[in-house]
Amino acid sequence: MHAKVADMLRDRRHELILRILRSDGPATVELLAERLDASHATIRRDLVQLGEEGLLRRVHGGAMPIDDRDDPFVDVAEVRSAEKDAIARRCAELVKDGETVLLDIGTTAHRVARQLKGRSLTVITSSLAVLDELHDEEDVQVMLLGGMLRRDYRSLVGFLTEDNLRQVHADRLILGTSGIRPGGHVMDTTVVEVPVKRAMIAASDQVVLVADVGKFPGTGMAKVCEPGDLDIVVTNAPVEPVTGTALREAGVEVIEV
């Protein structure tokens with residue numbers, strides 16, 4: 001297996017291990033191996049590395065979450081960081097000075113915000129992480145959407161967020177996802193975020209989906225949109241052939257970084 005692909009698959013396992021521990025509590029090597037369709041030896045190596053990085057606590061026969069880390073945004077932000085930065089830089093290149101850009105929640109969109117520093121733009125977002133990144137940038141006008149706070153994900157959701165989005169218009173949207181199904185359907189794991197994402201799509205002239213290797217097929221039980229709702233997909237992985245065909249047939253440009 002190519003070293004880069006192997007590294008990306010490892011990082012995806014790390015992200016999923018952290019999510020499982022956070023949502024379900026302590027887990028055995030056997031359970032994690034079954035959930036991730038990996039060997040026991042692979043999972044043990046993953047737990048050793050994540051333990052050394054301080055992202056989990058190793059226990060006999062498995063692992064448990066770190067008690068004082070109550071923010072899954074932080075956990076996810078720390079895996080595949082270099083790949084997410086490459087995607088973010090390419091997305092920032094698509095943005096023209098003077099535009100109004102909608103930034104979705106998520107760690108990749110947060111990294112896009114970092115790449116937009118120093119630009120003359122208007123940024124609309126429901127992400128507090130994006131706000132933190134850009135609040136000192138004098139040339140960037142930041143519009144924070146209202147709503148109910150989801151502390152774990154540093155986002156605002158609900159009917160106020162959706163109503164706010166009906167009052168604005170963006171030149172382009174940087175949209176995140178939990179997974180892209182082989183038919184090109186964009187999915188999300190969190191039902192409460194789906195109406196906000198749909199409202200963002202409706203408010204934007206161009207939809208740019210950011211999706212690293214772990215998002216093909218990724219996860220998610222709720223459909224956000226069809227492939228025809230997208231204009232561009234920016235990814236760091238070769239797109240699976242069935243998915244690529246569905247995207248191209250829908251007129252979507254796929255940019256691999």
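Trainee: UniProt positions are given in the numbering used here, feature names are shortened, and annotations may be inferred rather than shown by experiment. Which feature does UniProt place at residues 10-65?

Mentor: The record, an unreviewed entry, has "domain: HTH deoR-type" there. This is a predicted model, where local features need pLDDT of at least 70 and side-chain atom pairs count only at pLDDT 80 or more, while totals for chains, interfaces and linings use all residues. Residues are numbered from 1 along each chain as its sequence is written, and side-chain values use heavy atoms, with hydrogens and water left out.

Trainee: What is the chain like over residues 10-65?

Mentor: That stretch is 64% helix and 18% strand, with its end C-alpha atoms 19 Å apart. Helices (H or I, at least four residues) and strands (E, at least two) are DSSP runs, numbered from the N terminus.

Trainee: New topic, sheets. What is the order of the open sheet of 3 strands?

Mentor: The order is β10-β11-β13, and the pairing is antiparallel. Two strands pair if DSSP finds at least two bridges between them. The edge strands, each pairing on one side only, are β10 (179-180) and β13 (222-225).

Trainee: How many bridges join β10 to β11?

Mentor: There are 2, and β11 covers residues 186-188. G179 stands opposite M187 in β11.

Trainee: Which helix lies across β11 and β13?

Mentor: Helix α9, residues 194-202, running at about 10 degrees to β13. Axes are lines fitted to C-alpha atoms, for helices over the stretch in contact (heavy atoms within 4.5 Å). Angles run from 0 to 180 degrees between N-to-C directions.

Trainee: How many disulfides does a search of the whole structure find?

Mentor: It finds 0. A disulfide is a pair of cysteine sulfur atoms within 2.5 Å.

Trainee: How many residues of helix α6 are buried?

Mentor: 7 of the 9 residues in α6 (107-115) are, so the helix is largely enclosed by the rest of the structure. Among them are H110 and R111.

Trainee: Salt bridges next. How many does the search find?

Mentor: Across the whole structure, 14. A salt bridge is a side-chain nitrogen of Lys or Arg within 4 Å of a carboxyl oxygen of Asp or Glu. One of them joins E99 and R172, at 2.6 Å from N to O. E99 is in the loop between α5 (81-94) and β4 (100-103) and R172 is in strand β9 (170-175), so the pair ties together parts 73 residues apart in sequence.

Trainee: Is E99 buried or exposed? And R172, buried or exposed?

Mentor: E99 is buried at 10% relative accessibility, and R172 is buried at 7%.

Trainee: Which residue forms a salt bridge with K117?

Mentor: E133, with the closest N and O atoms 3.0 Å apart. K117 sits in the loop between α6 and β5 (121-125) and E133 in helix α7 (128-134), so this pair links parts 16 residues apart in sequence. K117 is partly exposed at 37%, whereas E133 is buried at 14%.

Trainee: What about R166?

Mentor: R166 forms a salt bridge with D163, 2.4 Å between the closest N and O atoms. R166 is exposed at 56%, and D163 is partly exposed at 32%. Salt bridges with shared partners also join R12, E15 and R19 into one network.

Note on methods:
Buried means under 20% relative accessible area, exposed over 50%, partly exposed in between (1.4 Å probe, protein chains only).
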